[in-house]
Amino acid sequence: MTQWFAMNSVLIDQTLTAFLLALSIQIPLRLGVISFAGIGYFAIGGYGTGILVLQQGWNDVAAIIVSTIAAAIVATLLGFIIAHLNGLYLGMATVSFSLLFSAIAINGGSLTGGAVGLYGLIGPIETWHVALVTVLIVGLVVFSERGRISRKIDAAKEDPQLASALGINVIFMRRLSFPISGALGGLAGAFAISLKSTIHPESINFSLVILALTIIIIGGQASWVGALFGSLFFVWLPEALEFVGDFEAIVYGIVVVIAAVYLPGGVVVVYKDWKHRRQVNKFVAQAPDAPPPAELAGVSSASKDGTS
Amino acid sequence: MTVSQGDAVTSSPRYDYEPVLEGRDVSVHYGGVKAVEGMTFGLRPGVISGILGPNGSGKTTLLGGITRMVNLTRGSIFFLGQDYTNVPARDVIRLGMGRTYQTVRLLPDRTVRENIFLATDVILKKDPDRAAAQVERAIELTDVKNVEIFRPGELSYGVQRRVEIARALASDPKLLLLDEPTAGMNRSERASVATLLSELRSEGLTQLLVEHDVQMMVDTCDYLYAMNFGSMIAEGSPEDVVRNPDVQEAYLGKHGRRDA
């Protein structure tokens, strides 16, 4: 077992940081905010930690905390600037925001190490530290996926106007998702450099946007379980596909397309729908006052077209 | 600008009762289009008032103005004597207004029960028992107990509309606003909604019904306002309003009688 951990520690590290990054993008998405700024936050966290430790001689933990907070602050400001955007426009603005950091990293001279990046960060942070922090974060996320809060989040996403009429402060919730997303993305970046000892422009470029997006397509937007599933899938699948050699990328692509077509909403939604169907079927079979067929969908009202 | 919030007015001399909801010169313009123009009204407590008008006459926009979903271009609105013209939309439910929509607006991935619970969100944290009691009562009144574990998409249209009414009732409103609650329903579904509204009236709940179906309005309402092209063309008892020549022209003039 310990041997297995040792052999796969790189993949485990990658899974954890990819998971945190996926959460950073998933949380705004649950509120209907399509934001890829998580990659930018990842860059702030990663490069921030690298610069503070390697060039300023900071303590690792302090550097991680400060760069995570910095990412959250930048996210808050970004939230105010692009608050009025929606949908694809918001998505594009945040992609640009993220790619901006790629450009800064490449052209940052000795501060960012240019194309080579920053390397040699050998600190005290180990996989289990990251795993522990991740578990704590998941605990908080689980809280947001239950009962009242999750209903509010759902309403704010599905029908913001209705949510607002029901007394929910949609704007505040959307704004709040930015610093949370920023902190998660920043933390992912800070942990990534701490575990890998290096960060370079290629590790924060557009491919990271694709990774985060595909994780969410496979896993779904609705739950942290989806983000974890997606992260496991995408970190371990290429490994498992090694035997197909050059065709790896093709198989990988096909898997993603199949998932996008047949699993709309991701694996978590498929599971939830199945659970719900089972519950309903059980109720219909057993309850004495089960609704008559006329009240169920499929048996339509006389004149649905009568709506004005 | 409109009357500011400080100038609370208890009752207007126009009415011999204290209106639950009062609108003064309520107007909503979209650019040059006067969707609602100079509507003045005061809802009598405990009765069902109706806003009648052909499609596109501004009824739903007026309802949007009343619930602060759209901003008034001019005029002011009062709830139980309090000016709320500039109150944010999310505080309207706290004032004591519940509403339904012209189209079904339920969360598709949530059960009926969860959808109804959503309307108690503003009190859920402070008083969970009261919230639960209100939800139970709303479920009982609208008779949706046997579908509470279903998702909206699994239910017939008529039942979905009843769930919407349940959600509006779950906030324990002092005023219930209904936007075409029976649109698209079959006859027996319509009858059951009409019965529900009368039951709610007998419990003293003030209601405002927006509808283009004349027969439904005559059967259900105690007092009618008729609108056309954004303005009020008549008000009074349902019989008087229906006999009003302007109303008849609005309905019969070009299109022929489209209700019945």
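I begin with a hairpin in chain B: strands β9(B) and β10(B) form it with two residues between them, and B:Phe229 in the turn has a positive phi of about 50 degrees. Strands here are DSSP runs of E with at least two residues, helices are runs of H or I with at least four, and both are numbered from the N terminus. β9 (residues 223-228) and β10 (residues 231-236) of chain B run antiparallel and are joined by five bridges. B:Tyr225 has B:Glu235 in β10(B) as its bridge partner.

The model is predicted: local features need pLDDT of at least 70, side-chain atom pairs count only at pLDDT 80 or more, and totals for chains, interfaces and linings use all residues. Residues are numbered from 1 along each chain as its sequence is written, while chains are lettered from A and ligands numbered from 1 in the order in which they are written.

Chain B also holds an open sheet of four strands, in the order β2-β1-β4-β5, with antiparallel pairing; two strands pair if DSSP finds at least two bridges between them. At the edges stand β2 (33-42) and β5 (82-83) of chain B, each with a single partner strand, so one side of each has no neighbour in the sheet. Strand β4 (residues 74-79) of chain B pairs with β5(B) over two bridges, in the antiparallel sense. The partner of B:Phe78 in β5(B) is B:Asp83.

I turn to chain A. How far apart are the axes of α2 (residues 9-30) and α11 (residues 224-240) of chain A? They lie 8 Å apart, and the helices pack at an angle of about 140 degrees. Axes are lines fitted to C-alpha atoms, for helices over the stretch in contact, and angles run from 0 to 180 degrees between N-to-C directions. α2(A) and α11(A) are therefore oblique to each other, the term for angles that are not under 35 degrees (roughly parallel), over 145 (roughly antiparallel) or 65 to 115 (roughly perpendicular).

Residues in this contact include A:Phe19 of α2(A) and A:Trp236 of α11(A); being in contact requires C-beta atoms, placed from the backbone, within 7 Å.

As to confidence, chain A averages a pLDDT of 88, and 96% of the residues score at least 70; pLDDT is the predictor's confidence in each residue, from 0 to 100. Over residues 299-308 of chain A the pLDDT is below 50, yet this stretch has 25 contacts in the model beyond near neighbours in sequence.

Lastly, the contact between the chains takes 39 residues from chain B and 35 residues from chain A.

Conventions. Two residues are in contact if their C-beta atoms, placed from the backbone, lie within 7 Å.
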